[in-house]
Amino acid sequence: MRTYLIRRLWQGAVAVLGALAIVFVAQRLAGDPVALLLPMDASEEDFAAMREALGLDRPLPVQFLVFLRDAFTGDFGESYQWQAPAMPLLLERLPATLELALAGLAFALLLAVPLGVMSAVYRGRWVDRLAKVLALLGQAMPGFWVGLLLILFLAVRLQWLPAFGREGPLHLVLPAIALGWYPVAAMTRTLRSSMLDILDSDYIRTGRVMGLPERTVIWRYALRNAAVPLATMIGVYFANMLGGAFVIEVVFAWPGVGRAVVDAVFARDFPVVQAGVLLSAIIFVVVNLLVDLSYGLIDPRIRHG
Amino acid sequence: MRRGVVEACLCSICLLPLPLAVADDGDDTHVVVAFAAEPTQIDPTRTSAGVDQYFMALFYEQLLTAGPDLRQRNWLAESWRLFERDGVWLIGVELRRGVRFHNGDELTAHDLRYCYLRQRDPGLSRQAGRWRHVADVRVLGDYELEIVFKGLPDSALLPLNLDLWAIPRRYYEEVGNEGVQAHPIGTGPWKFVSRSVREEIVVERFDDYWDPDSLPGIRRLTIKIIPEDTTRVAAFKTGAVDWIDAVPPAQVADFERTPGVKVASLPTSNNLFLALNALDPRSPLGDVRVRRAVAHAVDFDAIIRYILHGQGIRTVQVTPGAPGHDPALKPYAFDPDRSRELLRQAGYGRGINVNCYNLTTPREPYLKEVGEAMFAYLTAAGIRCRIVQLEYGAWINLGRRDARPEMDGIASWMWGHGALGDPTDPWGGHLHSYGDGWGWYSYHDDPELDEMVETLRVTVDPGPKEALIREIARLKHERVAGGVPTYRPLVTLAWRDTLRFEPWPQANWRMMRDIGLADSPVP
């Protein structure tokens with residue numbers, strides 16, 4: 001287990017470094033940020049002074065090494081736009097993103113687990129058909145569209161819930177539904193398929209023959225074993241929600257990391273993009289590691305060596 | 001276009017009777033408004049984008065200002081004059097007395113000199129280059145200062161309200177840059193209370209404001225940041241906010257029809273045009289007949305009517321209301337047959353192929369759609385566009401030139417000329433030929449126009465200046481030099497009729513100076 005952990009952490013560090021290197025080079029190939037920072041009538045001397053001040057006049061490998069050196073001391077540079085340290089800019093938004101991602105995931109699981117289980121148990125019946133329709137809608141309707149519909153009907157027409165902002169639990173409901181809507185479909189279908197395999201297995205049949213209540217057989221024994229692929233999906237979707245909630249954050253004026261990073265990409269704000277990629281990559285690696293470790297808890301037959 | 005249709009459909013769903021607006025709590029009136037974009041900087045000496053003015057205008061003031069009538073007036077300056085002394089050009093300023101910062105310090109000329117020192121420092125300010133024609137700002141007394149020019153006076157300082165901001169020197173030195181950003185202090189009518197980045201800023205009326213007659217009629221103001229159009233409109237419809245900016249053009253008519261809502265559509269500080277590379281000897285655009293063909297090929301009025309839903313002002317060279325606007329100068333008529341004829345006369349009877357660069361980032365409403373429509377018109381008239389879509393960063397990098405310009409065809413372009421629409425600075429950048437600190441975005445070379453633009457830069461007297469602008473505009477129009485002007489976008493603001501709001505042009509009309517309850521006394 002210890003060797004496994006060390007190996008995974010090492011692989012994770014390489015992945016994070018690789019992602020950083022790619023982003024570092026790619027964004028510099030995409031163009032010069034200085035033209036975005038200076039007024040249009042700025043002179044060539046102004047440009048040269050600004051490039052020098054930002055360290056952009058140095059060779060690319062030198063810029064990367066300086067970035068790595070500073071990053072190891074916790075200095076990710078100053079945002080070109082905000083003229084403030086880049087990492088704290090993102091870290092102060094991280095709680096909002098975590099809150100939204102957790103709520104979105106909770107919504108997805110609350111819907112997907114019962115639907116997935118019921119559609120497998122009542123295969124071909126109306127519950128199964130309902131799950132199929134929901135899955136289709138979930139895949140077909142992008143999150144921003146769901147978000148706009150939710151705003152128009154639940155906030156504007158019915159006035160049940162607030163349309164924007166982060167001022168309390170009620171403000172979380174609509175963005176969480178919009179964010180969690182998409183993975184519901186995939187989770188439901190995966191769980192259904194996995195449950196169907198499990199429900200046909202010998203030990204389930206044995207449990208039923210031994211007179212175990214159907215509820216116990218399904219929810220305790222079948223679901224637990226069917227949950228391994230779901231755990232993988234939870235990890236992937238959770239990491240995606242953390243890094244990819246940008247659209248939902250814009251629609252609901254939610255002050256999260258995703259919005260800050262995407263704005264930074266368009267503004268060529270290199271330090272913020274780099275800090276964002278690092279944060280996102282670390283979260284991705286950690287979440288995936290936790291998911292892999294959770295397999296052993298869900299199914300004790302799985303051992304990490 | 002498609003986005004406009006979608007917005008119109010969505011709007012029809014959410015057209016509802018408006019909920020109750022502002023709650024008047026005696027003197028504790030609190031109004032919540034929503035902006036589409038958020039400034040990154042509040043400190044006027046460190047600003048790098050026009051959007052920064054949205055918050056700066058709450059706290060900070062300048063020597064001059066433009067009123068709702070778009071006429072410049074003295075503000076923190078009691079008086080000012082341009083004069084020559086011993087061969088040196090100067091602007092002498094006498095400051096208004098009794099102006100206090102939010103911390104109680106009195107404004108003196110030392111504060112304005114401190115602003116100048118910060119603004120000209122390239123390590124601090126991104127606008128440092130603007131001061132290259134100024135030798136110094138001298139303090140003559142607590143309420144008197146002089147702006148000393150190196151050579152001839154720079155008339156570009158005027159539309160910038162002399163470009164000095166009243167910042168408190170003592171406070172700046174005490175708290176440093178981060179402290180200023182965390183808690184800005186100025187002389188403006190609003191005091192800073194709190195800010196939550198990407199969420200909101202809260203401000204409170206400054207009761208010791210130097211002009212009590214101009215005090216806002218509400219105690220507290222919260223500005224929410226809601227970038228998504230539909231959400232911002234929904235926030236207004238649900239009563240969560242009482243005032244919004246940037247009403248999507250497709251929904252302006254619906255807002256105008258909604259009872260209890262007031263709407264104002266106002267010209268933004270941007271002027272849009274089609275930049276044409278007339279320098280490349282291999283390019284047909286070097287021929288004035290081909291450039292005129294471009295000008296005749298596009299039905300700009302139809303684009304404004306059908307794509308922008310009327311939210312644009314057709315411009316010939318200088319926008320209506322701006323200094324030097326010449327109503328006698330008429331736009332090139334939409335006439336594709338004339339375009340084809342001009343192409344034939346220029347030796348391009350079979351038409352031409354050209355790269356057409358389009359900006360896709362929504363800096364102004366429906367910019368991408370407008371560009372696509374213009375290029376479609378050009379193609380229909382025989383100027384066959386190979387459209388290249390660019391986001392803002394790539395677009396501005398393409399347009400800014402060095403000795404060898406990259407932009408090799410036609411580009412949908414824009415240049416901010418401020419609320420007053422003064423073309424001095426933009427023409428120096430895209431009409432004057434490249435070199436010696438001029439023409440960083442220029443694709444034209446005309447020595448006669450160069451000389452006139454240089455004279456314009458040092459002409460401060462309004463009469464001769466306007467006459468010169470008219471003359472340059474006439475030649476520019478005739479020669480289709482420095483591109484084909486298209487339109488000036490309008491920004492639409494909407495507020496409930498329970499509010500009294502008079503738009504001021506600073507901060508692109510988002511200056512929340514003249515705001516109060518509808519039944520409160522007008523200052």
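Student: At what angle do the axes of α1 and α14 of chain A cross?

Tutor: At roughly 155°, and the axes come within 9 Å. Here α1 covers residues 2-29 and α14 covers residues 270-298. Axes are lines fitted to C-alpha atoms, for helices over the stretch in contact, with angles from 0 to 180 degrees between N-to-C directions. Helices (H or I, at least four residues) and strands (E, at least two) are DSSP runs numbered from the N terminus.

Student: What kind of model and numbering is this?

Tutor: It is a predicted model: local features need pLDDT of at least 70, side-chain atom pairs count only at pLDDT 80 or more, and totals for chains, interfaces and linings use all residues. Residues are numbered from 1 along each chain as its sequence is written, while chains are lettered from A and ligands numbered from 1 in the order in which they are written.

Student: Back to that pair. How is α1(A) oriented to α14(A)?

Tutor: The angle makes α1(A) roughly antiparallel to α14(A). The cut-offs: under 35 degrees is roughly parallel, over 145 roughly antiparallel, 65 to 115 roughly perpendicular, and the rest oblique.

Student: Which residues make the contact?

Tutor: From α1(A), they include A:Ala15, A:Ala19 and A:Val23. From α14(A), A:Val277, A:Ala281 and A:Val285 are among them. Contact means C-beta atoms, placed from the backbone, within 7 Å.

Student: How do they divide into nonpolar, polar and charged?

Tutor: 14 nonpolar, three polar and one charged. Nonpolar is Ala, Val, Leu, Ile, Met, Phe, Trp, Tyr, Cys and Pro; charged is Asp, Glu, Lys and Arg; the others, Gly among them, are polar.

Student: What about α13(A) against α14(A)?

Tutor: Helix α13 of chain A spans residues 257-266, and its axis comes within 8 Å of that of α14(A), crossing at roughly 140°. The two are therefore oblique to each other. A:Val257, A:Ala260, A:Val261, A:Ala264 and A:Val265 in α13(A) meet A:Val272, A:Val273, A:Gly276 and A:Leu279 in α14(A). That contact has eight nonpolar residues, one polar and no charged.

Student: New topic. How many residues does each chain give to the contact between A and B?

Tutor: Chain B gives 45 residues and chain A gives 40 residues. On chain B, α1 (2-13), β10 (220-225), α5 (229-237), α11 (392-399) and α12 (424-430) each supply at least two residues. The chain B side holds 19 nonpolar, 16 polar and 10 charged residues.

Student: And the largest nonpolar core, how many residues?

Tutor: It has 228 residues, and B:Val294 and B:Leu378 have the most contacts inside it. Such a core is a set of buried Ala, Val, Leu, Ile, Met, Phe, Trp, Tyr and Cys residues joined through C-beta atoms within 7 Å.

Student: What does B:Leu378 touch?

Tutor: Beyond four places in sequence, B:Leu378 is in contact with B:Val294, B:Ala297, B:Val298, B:Cys356, B:Ile383 and B:Cys385.

Student: Now B:Tyr366. Where is that?

Tutor: In the loop between β15 (352-359) and α10 (367-380) of chain B.

Student: Is B:Tyr366 buried or exposed?

Tutor: Buried, with 23 C-beta neighbours inside 10 Å. Buried takes 20 or more other C-beta atoms within 10 Å, exposed 12 or fewer, partly exposed in between; C-beta atoms are placed from the backbone.

Student: And what is the story with B:Arg113?

Tutor: B:Arg113 is partly exposed, with 19 other C-beta atoms within 10 Å. It lies in helix α3 (residues 109-119) of chain B. Outside four places in sequence, B:Arg113 touches B:Val137, B:Val139 and B:Leu145.

Methods. Two residues are in contact if their C-beta atoms, placed from the backbone, lie within 7 Å.
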